[in-house]
Amino acid sequence: MSPSPPLLGGAAPAPARAAPSFLPIPIHTRRRVPTTRAAAPSFFPIHARRRVSTTRAAASHSHANDAILLRRAADVADLSAGLTSPHPNFGCVIARPQLDTDSADSRVVGEGFLYAQGTPCAELLAAQEAGEQARGATAYLNLEPGDCYADGTAVGSLVQAGIARVVVGLRHPLKHLRGKAIQALRSEGIQVDVVGEDLQSKLFKEALKSCLIVNAPLLYRAAFHVPYSVLKYAMTADGKIAASSGHASWISGKASRGRVFELRGRSDAVIVGGNTVRFDDPRLTARHVKGHVPVRIVMSQSLNLPEEANLWNVNDAYTIVATQRGARRDFQKKLAMKGVEVVEFDMLNPRGVMSYCYDRGYLSVLWECGGTLAASAISASVIHKIYAFWAPKIIGGLNAPTPVGELGLSQMTQAINLMDVSYEQRVAGAEAGCEDIAPGVIAGGGSAELGEGGAVIVGGRGL
Ligand SMILES: Nc1nc(O)c(N)c(N[C@@H]2O[C@H](COP(=O)(O)O)[C@@H](O)[C@H]2O)n1
């Protein structure tokens, strides 16, 4: 068994043991990368400028200025969430004082982020955008660069651009890369300030949070050798995920389901069990949002699955069926004929499937399963975060399924306390942004103010 991850939102997990280098990613997981962004190395993230709230920083080289621009680097890095695995989300913001004006504000002159595996690094894109204005400027990096292509591009781009100072949010989580780029930059005479080491003030707390959150899946993966797992479910106000008949469409509304598409787009894989395939015939795509299309994984011991199902249409997305060794070999062949990959396990269970996902290089996995598999995944300590969609409806039914099945807990004192709980209200027509859980452990609990549209309750847990 892997060591238990800390409570989600705690301090940045330090690698428990030497982590392996990034694994090659199967081609199929990347085939849906939209060409509009991937094929344009000189892409200028115009939309990044819209999404980042602050366009001008405070006084150059002040802590406030640095913290604002570092957060901006994390926000820019987040633009490719779900697309970079097994690499981190890297963002680079280059800013310089406005010497020709009275303003004490720094001006952003270049930005870039790693779009996907194999695309130019954030530092190169930002330096290209800044051009001559990069000379003497400060570069803000949410994460210390690695050196995936062993060509020193990230460091070389900053050096060649004439960057005078670099502010780094987090050191690289992998042992063999940790500190290397920082050292290389310093040896070139560039001042490098690392948050928590060279820069310590309250102002950096929020900036550091942003840097941690944007790469939470990678940090978990590097520390605990499992993908970062999120369990998502939609339930009625009386805690049911379907009617007694199994019918479940729809519990939540359009806005909530849109949020699920976003979550899928940030994940490398979506997992369901056999019951979900039999009852819901889901598609599990990230349709309606542009971005990454996750691999769909079905866990089924018996392989008692329908001959025809949306998940067998691999034109939508790649599908893997994980099953028990020897199960229905005739059906396995039928699935293979449709292009579905079948993987046999000696003992099919959530931890085994997570190890398999880790070996495939997945950073983050979304569990959209029913209560039985959810309970099994929670018991196996592979779930790190829960998104509970709450709909203001009552369906009743003694046998109507609930989000989490048998956990073997008989006393309320044994209940698993969620940490860092946050609430987001979704009202049709009002698309509010979701505050992600923040590092810094807060004992969970509390109640949400819920209106007509329903809510999302987000929390992590100790495992
Ligand atoms: N967010 C949400 N709201 C509901 O009301 C639901 N019933 C579900 N169910 C999950 O979504 C899957 C269907 O996905 P597709 O729309 O076919 O892509 C279903 O199998 C459940 O996992 N979710």
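Which residue takes a positive phi just after helix 8? The legends below, each for one close-up of this predicted model, begin with that position.

**Figure 1. Helix 8 and the residue that follows it.** Just after helix 8, the residue with a positive phi is His225, at about 60°. Helix 8 spans residues 216-224 and is mostly covered, with 9 of its 9 residues buried. These buried residues are Ala216, Pro217, Leu218, Leu219, Tyr220, Arg221, Ala222, Ala223 and Phe224.

Figure 2. Helix 4 (residues 122-130) is largely enclosed by the rest of the structure, because 8 of its 9 residues are buried. The buried set includes the alanines Ala122, Ala126, Ala127 and Ala130. Leu124 and Leu125 are likewise buried, as are Glu123 and Glu129. Just after helix 4, Gly131 adopts a positive phi of about 55°.

**Figure 3. Strand 10 and its two parallel partners.** Strand 9 (residues 295-300) runs parallel to strand 10 and is joined to it by 5 bridges. Within this pairing, Ile297 has Ile320 of strand 10 as its bridge partner. Strand 10 is also joined by 5 bridges to strand 11 (residues 341-345), again in parallel. Here Ala322 stands opposite Val343 of strand 11.

**Figure 4. The crossover from strand 10 to strand 11.** Helix 11 comprises residues 329-337. Together with strand 10 and strand 11, helix 11 makes a β-α-β unit of right-handed sense. The two strands of this unit run parallel and are joined by 5 bridges.

**Figure 5. The shell around the ligand.** The ligand is surrounded by 18 residues, of which Ala234, Ile251, Ser252, Asp280 and Pro282 are the closest. By class, the shell consists of 9 nonpolar, 5 polar and 4 charged residues. Helix 9 (254-265) and helix 10 (274-280) each supply at least two residues of this shell. Helix 9 gives the most, with 3 residues.

**Figure 6. The protein as a whole, as context for the close-ups.** The protein contains 13 helices and 15 strands. Of its 463 residues, 48% count as buried. Among contacts with a separation of 6 or more, 76% are between residues 24 or more positions apart.

Figure 7. The mean pLDDT of the protein is 80, and 77% of its residues reach 70 or more. Over residues 1-60, the pLDDT is below 50, and this stretch has 119 contacts in the model beyond near neighbours in sequence. Residues 429-453 form another such stretch, where pLDDT stays under 50. For residues 429-453, the model has 57 contacts beyond four places in sequence. The model scores ipTM 0.89 and pTM 0.75.

Conventions:
Residues numbered from 1 in each chain as written. Predicted model: local features only at pLDDT ≥ 70, side-chain atom pairs only at ≥ 80, totals over all residues. Pairing = 2+ DSSP bridges. Helix = DSSP H or I, 4+ residues; strand = E, 2+ residues; numbered from the N terminus. Right-handed = clockwise from strand over helix to strand, strands pointing away. Near = placed C-beta within 6 Å. Nonpolar A, V, L, I, M, F, W, Y, C, P; charged D, E, K, R; others polar. Buried ≥ 20, exposed ≤ 12 C-beta atoms within 10 Å, placed from the backbone. Contact = placed C-beta atoms within 7 Å. pLDDT = per-residue confidence, 0-100.
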